[in-house]
Amino acid sequence: MQFDNHGIVKMTKMNYDINRSAAANPIKIQDVSLRDGHQSLFATRGRTEDMLPIAEMMDEIGFYSLEVWGGATFDVMHRFLNEDPWERLRTLKKYIKKTPFSMLLRGQNLVGYRNYADDVVENFVQRACDNGVDIFRVFDALNDFRNFEIAGKVILKNGKHLQGTICYSLTEPRMGGDVYNLDYYLKKAKDLEGIGVNSICIKDMAGLISPYDVYNLIRAMKEQSNMPIHLHTHFTSGMGDLAIFKAIEAGVDIVDTCMAPYAYRTSHPAIEPIVISLLGTNRDTGFNVNKLAEIGKKMEKTIPKYMHYANQTKFAVIDTNVILHQTPGGMLSNLVNQLRQMDALDKLDDVFETLPKVRKDLGQVPLVTPTSQIVGIQTVNNVLFDKEEGEYSKITEQVKDLCFGLYGKTTKPIDVEVSKKALSGYPRGETPITDRPGNILEPEFDDVKESVKDLAKDIDDELLIALYPVTGKRFLKWKYGHEEAPKDVQAKTIEEVNKEQELVQKILSGELSAKASSTGKPKNLKEFEVYVDGEKFMVEVTDPNMPTYSGISKKEKKVNELDNSGNLIAPIPGMIMEFDRSIGDEVKAGETIVVLEAMKMLNNLEAPISGMLEKINYRVGDAVIKGDILCVIIP
Ligand code: CO
């Protein structure tokens, strides 16, 4: 039996033996369950303790590599799990000795949300090498490879694998048009080769790539050079498995998959059906499917700990919006959350309609962290405020940075008028730069080290603070016992989770009476008092449709929204990053008083009136909800 398609997949022998030997050209598999898998399905909440029981078994399968770090893991671990992200690498390395580790690195953004100075990048990448990362998948949200320069140098100097990444993006339902067409991708692949990468990844973070497009793209790339090609796609739109199969037929070298319990929906295709489908072909993985099933069984046991993070609002496992709007699923759910919290969910259609225009104005950038948030939040702002206040009336700080060139070069030029408006009064200057962004950033690591010398014990601590000054410091206080970690960041046992679930079920069925309590918990957390045999339990139920904010306790400070006084009110939920002024200061109307982080974007909140700053109601690091009075100014 022989298959078409340039003879690249063909039956070699009918050998379906579990212990069969490897094929002539086996497809290599990277498992991403321990990073992108739980990031996609369970808001990155996977704990190291739940990875250890399967770690040694995973090492025996024969994976090309395991993606275990990077992306959101670094942020979520120290913020929500009270875990040291560096320690996870070292711990996993003790159990996984044969299979290389890979990480996702956002170029000059590292594992944060802005471009860091070169000294931070050098130190961070060096420590990632030292702590056990073998393969670095480096990407840039704008596909501006100048942002790889510093990280790439350190990776190659350490003899590690530099995988250059092209973010896959579309402006139309299929590859083509005048932006993201075959030429665009072939040119990007050539550019990557020019900077000395060891392999090239097509990173389809949104699950947009369709089977014939990936087939044509990989054939063309293979004709252009013999650089190994790695496909990363998501199942989100439902095309994931089809794309992987056509990619294998086209001669792709490596693909990303998950173990079945962490697969599908917004995650990745599962490995098990691929192993069986390729049995007896020249691209047979050689994997033992029984061993995979054993790992899957173990993984299933910890799933109840994470189910409440899973989006279970729809019965369909695919997101057709991705096909309709060519936008990442995660970005859409962020937009929905943001609108809901601003009581403006009825504006969702307007947002869909406005998004392509904002994206075009901002240079048709690929939509991936952080550009997906930048474009998404600006779109929401335009929809909510522009009707009354004129075009681009509320421009976010990140859009200003993007216009200035601080993220790099956009795919197409940014609209001149929008750029002018964004850069009017911009502190770095009103003329955009054309240089590599890192070139204009002053070294910052020495200042960070100085600022944290009483708290940090080593360079890994210092790097954490360099990337996450507020939540990083809070974590180090937990880590070194200066403060007790709140209950909601501590690990729960499966027994505790089951007990809670039972109680919730009983409340829902009406078997138990419960009253919602009104502590100042984050909005997405509903707290119930439950009485079982006279004993009182507090049960917290999170609404998976709303983003979770760290549950720092706070006082009730609800206000009437039409407040025109000197109350500075949080317009959106978020976390306080800094107060720019102190109590007693004279402030002017319109000057920035508070910086609020919402959906990973920084928002400058301005004084509503001129006067004296009389009261500050929160501390840096506090989570606030829409309507909270952050400070009071008296005229
Ligand atoms: Co991904």
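Hi everyone. Let me begin with a term: a crossing of two helices is called left-handed if the near helix is turned anticlockwise from the far one by less than a right angle, and right-handed if it is turned clockwise. Keep that in mind as we look at this predicted model.

Let's start with helix 14, residues 348–361, and helix 15, residues 371–389. Which hand does their crossing have, left or right? For helix 14 and helix 15, the crossing is right-handed. Their axes come within 9 Å and cross at roughly 120 degrees. Helix 14 and helix 15 are therefore oblique to each other.

If you'd like to find this contact on the screen, look on helix 14 for Asp 350, Val 351, Thr 354, Leu 355, Val 358 and Arg 359. Facing them from helix 15 are Val 375, Gln 378, Thr 379, Val 380, Asn 382 and Val 383. Sorted by class, the residues of this contact are six nonpolar, four polar and two charged.

Now look at the loop between helix 14 and helix 15, where you will find Pro 370. The peptide bond joining Thr 369 and Pro 370 is cis, with omega at about 5 degrees.

Helix 16, residues 397–404, packs against helix 17, residues 416–423, at an angle of about 120 degrees, and their axes are 9 Å apart. Here helix 16 passes helix 17 in a left-handed crossing. Helix 16 brings Lys 400, Cys 403 and Phe 404 to the contact, and helix 17 brings Ser 419, Ala 422 and Leu 423. By class, that gives four nonpolar residues, one polar and one charged.

Tyr 392 sits in the loop between helix 15 and helix 16. Its phi is near 45 degrees, which is a positive value in a residue other than glycine. Is Tyr 392 buried or exposed? Tyr 392 has a relative accessible area of 3%, so it is buried.

Ala 43 also has a positive phi, near 50 degrees, and is again a residue other than glycine. You can find Ala 43 in the loop between helix 1 and helix 2. Its relative accessibility is 30%, so Ala 43 counts as partly exposed.

Which residues donate to the cobalt ion? The protein donors are Asp 36, through OD, and His 232 and His 234, each through NE2. They lie 2.0 to 2.2 Å from the cobalt ion. Along the sequence, the spacing of these donor residues reads D-x195-H-x1-H. Distant parts of the chain are linked here: Asp 36 is in helix 1, residues 33–41, while His 232 is in strand 7, residues 229–233, and the two are 196 residues apart. Both Asp 36 and His 232 are buried.

Lys 291 lies in helix 11, residues 289–302. Leaving aside residues up to four places away in sequence, Lys 291 touches Glu 60 and Ile 61. How far apart are Lys 291 and Ile 61 in sequence and in space? They are 230 residues apart in sequence, and 7.3 Å apart in space from C-alpha to C-alpha. With 36% relative accessibility, Lys 291 counts as partly exposed.

Definitions and conventions
Residues are numbered from 1 along each chain as its sequence is written. This is a predicted model: local features need pLDDT of at least 70, side-chain atom pairs count only at pLDDT 80 or more; totals for chains, interfaces and linings use all residues. Side-chain values use heavy atoms; hydrogens and water are left out. Axes are lines fitted to C-alpha atoms, for helices over the stretch in contact, and angles run from 0 to 180 degrees between N-to-C directions. Helices (H or I, at least four residues) and strands (E, at least two) are DSSP runs, numbered from the N terminus. Angles under 35 degrees count as roughly parallel, over 145 as roughly antiparallel, 65 to 115 as roughly perpendicular and the rest as oblique. Contact means heavy atoms within 4.5 Å. Ala, Val, Leu, Ile, Met, Phe, Trp, Tyr, Cys and Pro count as nonpolar, Asp, Glu, Lys and Arg as charged, and the others, Gly among them, as polar. Donors are N, O and S atoms within 2.8 Å of the metal (3.2 Å for Na, K and Ca); water is not among the atoms, so sites may look incomplete. Buried means under 20% relative accessible area, exposed over 50%, partly exposed in between (1.4 Å probe, protein chains only).
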